[in-house]
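Hi,

Here is the structure I promised to pass on. Have a look at it first, and my notes on its salt bridges follow below.

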Amino acid sequence: MKTERTRRVSWKLIGMVLLLILCMLPGQILVAAEEQSTAQTKIPEYTSFSDLKGKTVSMLTGAPFEELVRSKEPEVGAFTYFNNMSDIILALKSGKTDACLNNNAIAELAANRDDAIVLFPEALQEGVFGFAFAKGDESRKDWQAAYDTISEETKKELWEKWTGSDDAKKVLPKQDWPGTNGTVRVAACDTLEPMSYAGAGGEIKGFDIEMILTMAKKLDVHVEFVGMEFSAILAYVQSGKALFGAGSIIATAERKEAMDFIDYYPASFVLVVRAVKGQVQKEAFWDSVKKSFEKTFIQEERWKMFLQGIGTTLLITVLSILLGTALGFGVFLLCRGGNPLANGLTRLCLWLVQGMPMVVLLMILYYLVFASVAIGGVTVAVVGFSLTFGAAVFGLLKMGVDTVDKGQYEAAYALGHSDRHTFFRIILPQATPRVLPAYQGEITSLIKATAIVGYIAVQDLTKIGDLVRSRTLEAFFPLIAITVIYFVLESLFALLMKQIMIRTDPKKRSREEIMRGVKVHE
């Protein structure tokens with residue numbers, strides 16, 4: 001009864017906290033952005049490069065444009081870096097940064113969709129968009145030849161299609177050509193609308209994508225697009241996992257030192273800044289909430305994307321728990337007998353796995369260890385999390401077994417039990433209840449840790465939230481939805497572990513279970 005009452009109070013507290021958050025965030029996050037045809041009439045907060053003195057400028061991770069900005073204003077305060085454009089825009093609107101740098105296509109679309117931001121009046125530099133190939137890749141010449149056959153009129157039509165406001169037209173052509181020359185894999189950023197982004201169902205589309213399909217048709221090859229963070233594209237290509245990379249990549253001189261490019265469309269570097277507050281028109285609170293909810297879940301049936309993300313997160317979590325538990329238990333049995341070689345190798349592996357940040361471990365596995373192996377990001381994620389979870393299980397078993405009194409061994413051996421029988425029937429049943437609470441904590445940590453798998457091109461729950469935010473440029477509902485879903489998943493696993501702990505704890509077993517198989521004289 002007390003447990004049930006505590007549970008009800010906990011849920012009430014959670015509900016009150018969420019309601020409080022909802023009431024505190026109507027201004028900067030819940031204001032739904034409408035497309036504005038009068039974006040040029042908005043007044044920028046900063047109007048010249050000298051206004052940026054001491055200010056913070058943000059850009060995507062992997063965008064080497066610090067010197068370009070300093071060439072215009074040497075006394076810029078600081079630079080900050082984000083993994084996707086939606087995070088930069090949210091940081092700009094909330095005052096955490098003062099200006100953000102991007103290419104003209106992405107910046108203009110963002111400014112047209114949101115009253116709170118506007119293009120900086122002075123351009124930084126002209127450039128060109130490029131498709132990035134590994135240095136010296138001879139196949140680039142074939143793709144270059146296919147690109148050269150595309151007319152300027154076709155390029156202009158595609159540009160107007162994907163940078164326009166009519167989303168109904170933004171549909172990719174089907175790959176209905178024979179594809180006699182095989183299938184190639186292309187790494188593409190999935191958060192940079194209109195160049196390349198994830199649409200309904202996670203399909204990668206955009207101006208870059210249709211340009212690639214136009215070339216692929218001429219080469220009679222099919223294309224498989226792999227969505228990922230912008231910062232991961234070049235590493236993905238250099239590791240050989242993709243033929244080339246796309247997604248709003250501007251071919252700078254520095255990048256051309258490491259990669260070969262097909263230059264395919266003019267570009268320019270621009271800044272986005274906040275509009276003067278008096279120019280921003282805010283909607284009624286509940287109207288903005290309703291519109292934000294519809295954009296997050298209803299439009300393009302984005303709720304299906306969240307379901308897909310939940311499935312991926314659950315798959316990685318469950319497989320990692322099962323494989324990690326088996327791995328940790330197996331290694332413990334090997335080391336239990338005191339074998340010096342097994343113990344030495346185990347200590348080395350534990351030192352490597354436990355001392356390395358999880359995201360670094362995943363990237364090493366994905367881009368180095370399995371670079372030449374055709375396995376997906378989900379498999380690599382399961383391998384990485386199984387290693388870390390196995391290391392945790394090994395430590396828990398060692399700790400739990402060590403807490404069992406040594407007299408238990410002596411008594412068992414004195415009664416003629418073998419070492420194997422003593423461990424599995426006497427020691428392990430006593431150690432298990434002592435480590436299960438910590439085991440449950442490791443499961444909770446594992447569920448939360450899976451949020452980083454987007455770095456290796458896996459569309460888990462957190463990554464889906466990033467994709468939705470990149471389309472809506474709003475954070476509230478995607479982040480709240482992800483938070484609630486993680487709480488639910490953790491609660492479900494906690495309930496499962498509670499049942500396991502009840503069944504394995506001798507103190508919580510019923511008298512009938514304890515006396516099962518024992519004849520009682522009446």
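Glu 75 is partly exposed, at 47% relative accessible area (buried is under 20%, exposed over 50%, and partly exposed in between, with a 1.4 Å probe and protein chains only). Its side chain meets that of Lys 53 in a salt bridge, 3.5 Å from N to O. Glu 75 sits in the loop between helix 2 (66-72) and strand 2 (78-82) and Lys 53 in the loop between helix 1 and strand 1, so this pair ties together parts 22 residues apart in sequence.

A quick word on the basis: this is a predicted model, where local features need pLDDT of at least 70 and side-chain atom pairs count only at pLDDT 80 or more, while totals for chains, interfaces and linings use all residues. Residues are numbered from 1 along each chain as its sequence is written, and side-chain values use heavy atoms, leaving out hydrogens and water.

I took a salt bridge to be a side-chain nitrogen of Lys or Arg within 4 Å of a carboxyl oxygen of Asp or Glu, and the count by that rule is 18. Another one joins Glu 45 to Arg 274, with the closest N and O atoms 2.9 Å apart. Glu 45 is partly exposed at 37%, whereas Arg 274 is buried at 13%.

Then there is Asp 87 with Arg 469, at 2.3 Å from N to O. That pair links helix 3 (residues 85-93) and helix 17 (residues 461-472), 382 residues apart (helices are DSSP runs of H or I, at least four residues, and strands are runs of E, at least two, numbered from the N terminus). Asp 87 is partly exposed at 21%, and Arg 469 is buried at 5%. Finally, salt bridges with shared partners join Glu 45, Asp 98 and Arg 274 into one network.

Cheers
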